[in-house]
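Please examine the sequence and the three-dimensional structure shown below.

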Amino acid sequence: MTGVAESRRARLKVWHRRIRIVWVTGGLAFTAWIIWNMQAHGVAAAVSASSSLVSVREGDGATVFMPSGAAADRAGLVFLPGGGVDPAAYLPFVRAIADAGWPVALVRLPWRMAFSEGAQIEVWRRVTEVRGSWGVSRPMVLGGHSRGAAMSATFAGRYANELSGLLLIGTTHPRDEDLSSLTMPVLKIVGTRDCVADAKDSLANLSKLPPHTAWVTIEGANHAQFAHYGSQLGDCGAGISRESQQQQALDGVLSWLMHQR
């Protein structure tokens, strides 16, 4: 009987070892999948290079695009990327705005997340550093996607006097602050296939936005295709192409910016 028991224990140890290997391998594979999907994909090098129409400057915490001949009183857009996402995934979108004649800065988030209060203070420092380089005469619009949009909403509540507009893409925020008294222009862009920032949840927070908020709803748009990265955990599949989704978002932003100073 002793030999049978020992044989059974040995088999159990083998199975436990195999189960641990499967769990560890699965965990590593899942982590690698997430990391790969959060990287920028399909971004041409030309979008971050200067041209005869737009100069590109790499700063300590931001990539700044300055169209040639942009009037000193034309609004500039400071854009914050989504949490965990490679900032380069937003380069095609912000470059297209710059090519249309608006100064744009893509601010990088500390550790790609900026969850702590100290990290958020650093993000705002980078935002104000961009504004300082532009000059105080240039109005500043703040916006972002997902986590970047959530932070933009928070900053708009804290520093409303320093901003001339607020752009929110792919977020259910504002959730934690009431921005209904803001007088600045606000644009919110939502996708009907965005299962990370559900359109219904966005509408549930409608009362926390000012009544003059402009809305753009893109049919078939999901969360990840607002930028150039892979799949987003918890997202739905898009019903339109990435190119169509970003073009519709771009059209909405440019039309809205035309009404800025």
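The points below are grouped by topic, from the overall fold to single residues.

This is a predicted model, in which local features need pLDDT of at least 70 and side-chain atom pairs count only at pLDDT 80 or more, while totals for chains, interfaces and linings use all residues. Residues are numbered from 1 along each chain as its sequence is written, and side-chain values use heavy atoms, with hydrogens and water left out.

**Overall architecture**

- The protein has 6 helices and 8 strands; helices (H or I, at least four residues) and strands (E, at least two) are DSSP runs, numbered from the N terminus.
- Along the sequence, these elements follow the pattern α-β-β-β-α-β-α-β-α-β-β-α-β-α.
- Taken along the principal axes, the C-alpha atoms of the protein fill a box of roughly 90 × 40 × 40 Å.
- Of the 261 residues, 47% count as buried. Buried means under 20% relative accessible area, exposed means over 50%, and partly exposed lies in between (1.4 Å probe, protein chains only).
- Accessible areas come from the Shrake-Rupley method with a 1.4 Å probe, and for residues only the protein chains shown count as cover.

**Helix H4**

- Helix H4 covers residues 147-158, which makes 12 residues.
- From its first C-alpha to its last, H4 reaches 17 Å, close to the 16 Å expected at 1.5 Å a residue. The expected span is 1.5 Å times one less than the number of residues in the helix.
- H4 is mostly covered, since 10 of its 12 residues are buried. Among them are Arg-147, Gly-148, Met-151 and Phe-155.

**Salt bridges**

- A salt bridge is a side-chain nitrogen of Lys or Arg within 4 Å of a carboxyl oxygen of Asp or Glu. By this rule the count comes to 8 salt bridges.
- Arg-108 is partly exposed at 23% relative accessibility, whereas Glu-58 is exposed at 52%.
- Arg-158 forms a salt bridge with Glu-117, and their closest N and O atoms are 3.5 Å apart. This pair links distant parts of the chain, with Arg-158 in helix H4 and Glu-117 in helix H3, 41 residues apart. Arg-158 is partly exposed, with a relative accessible area of 41%, and Glu-117 is partly exposed at 43%.
- Arg-95 and Asp-99 also meet through their side chains in a salt bridge, at 3.0 Å from N to O. The two residues are 4 residues apart in helix H2 (residues 91-99), and are therefore separated by about one helical turn. An α-helix has 3.6 residues a turn, so residues three or four places apart point the same way. Arg-95 is buried, with a relative accessible area of 7%, whereas Asp-99 is partly exposed at 45%.
- Asp-60, Glu-122, Arg-125, Arg-126 and Glu-129 are linked in a network of salt bridges.

**Positive surface patch**

- Arg-9, Lys-13, Arg-17, Arg-18 and Arg-20 form a positive surface patch. Patches are made of residues with over 30% relative accessible area and no salt bridge; like charges are joined within 9 Å, and nonpolar side chains (Val, Leu, Ile, Met, Phe, Trp, Tyr) within 5 Å.
- Lys and Arg count as positive and Asp and Glu as negative, while His and the chain ends are not counted. The place of a charge is taken as NZ of Lys, CZ of Arg, CG of Asp or CD of Glu.
- Arg-20 lies in helix H1 (residues 2-37) and is exposed, with a relative accessible area of 51%.

**Backbone features**

- Most residues other than glycine have a negative phi, and most peptide bonds are trans.
- Trp-111 has a positive phi, near 55°. Trp-111 is found in the loop between strand E4 (104-107) and helix H3 (117-134), and it is exposed at 84% relative accessibility.
- Ala-114 has a positive phi of about 60°. Ala-114 also lies in the loop between E4 and H3, but it is buried, with a relative accessible area of 2%.
- His-173 and Pro-174 are joined by a cis peptide bond, with omega about 10°. Pro-174 lies in the loop between strand E6 (165-169) and strand E7 (186-191).
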